[in-house]
Amino acid sequence: MYALVEILGRQYKAEEGAKLVVDKLSLEEGSSYEIEKVLAVVDGENARFGAPYVEGAKVTATVGTEFRGEKVKVYKFRRRKGYRRTQGHRETYTTITINKIEG
């Protein structure tokens, strides 16, 4: 059984016991997180799809640790103008563990 869920505007495939890496959630580590934006629930041959969300379906997860991703370097250059800029960026992510899929 798995569900397609929407978290902060992005879609993920959630299976019970799976760990997902999502964009930073402003929740404490170890707290419970309920996802009510469920796009689809698939259980073997049975599948329910929402328009846009499945009514009565929800996914319960536990918030894990926060970590920062790899550095992304942004380099701007204009030829013959003496213009060069280097900028770095690291995104913060949160891990969540899927506990239960209802619906």
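This is a predicted model: local features need pLDDT of at least 70, side-chain atom pairs count only at pLDDT 80 or more; totals for chains, interfaces and linings use all residues.
Trainee: Okay, so is Phe67 buried, exposed or partly exposed?

Mentor: Phe67 has a relative accessible area of 32%, so it counts as partly exposed.

Trainee: Got it. Let's zoom out. How many helices and strands are there?

Mentor: The protein has zero helices and 10 strands. Its radius of gyration is 19 Å, well over the 13 Å that the globule rule gives for 103 residues, so the protein is more spread out than a compact globule.

Trainee: And what does the C-alpha trace span along its principal axes?

Mentor: About 60 × 30 × 20 Å.

Trainee: What share of the residues is buried?

Mentor: Of the 103 residues, 29% count as buried. As for the surface, the protein exposes about 7500 Å², and carbon and sulfur atoms supply 44% of that area.

Trainee: Back to the rings. How many aromatic pairs are there?

Mentor: The structure holds two. In one of them, the ring centres of Phe67 and Tyr93 are 5.8 Å apart and the planes meet at 35°, so this pair is tilted.

Trainee: Where do those two sit in the chain?

Mentor: Phe67 is in strand β7 (residues 58-68) and Tyr93 is in strand β10 (residues 92-102). They are 26 residues apart, so the pair links distant parts of the chain. Tyr93 is partly exposed too, with a relative accessible area of 25%.

Trainee: And which residues form the stacked pair?

Mentor: Tyr75 and Phe77, with 6.4 Å from centre to centre and 15° between the planes. Phe77 has a relative accessible area of 48%, which makes it partly exposed.

Trainee: New topic: the backbone. Which peptide bond is cis?

Mentor: The bond from Ala51 to Pro52 is cis, with omega near 5°. Pro52 is in the loop between β6 (46-49) and β7.

Trainee: Why would anyone point that out?

Mentor: Because most peptide bonds are trans. Likewise, most residues other than glycine have a negative phi.

Trainee: So what about the phi of Arg80?

Mentor: Arg80 has a positive phi of about 65°, although it is not a glycine. It lies in the loop between β8 (72-78) and β9 (83-89).

Trainee: Is Arg80 buried or exposed?

Mentor: Exposed, with a relative accessible area of 70%. Leu8 has a positive phi as well, of about 55°, and its place is in the loop between β1 (2-7) and β2 (10-15).

Note on methods. Residues are numbered from 1 along each chain as its sequence is written. Side-chain values use heavy atoms; hydrogens and water are left out. Helices (H or I, at least four residues) and strands (E, at least two) are DSSP runs, numbered from the N terminus. The radius of gyration is taken over C-alpha atoms; the globule rule is 2.2 Å times the number of residues to the power 0.38. Buried means under 20% relative accessible area, exposed over 50%, partly exposed in between (1.4 Å probe, protein chains only). Accessible areas come from the Shrake-Rupley method with a 1.4 Å probe; for residues, only the protein chains shown count as cover. Rings of Phe, Tyr and Trp (its six-membered ring) pair if their centres lie within 6.5 Å; planes under 30 degrees apart count as stacked, over 60 as edge-to-face and the rest as tilted.
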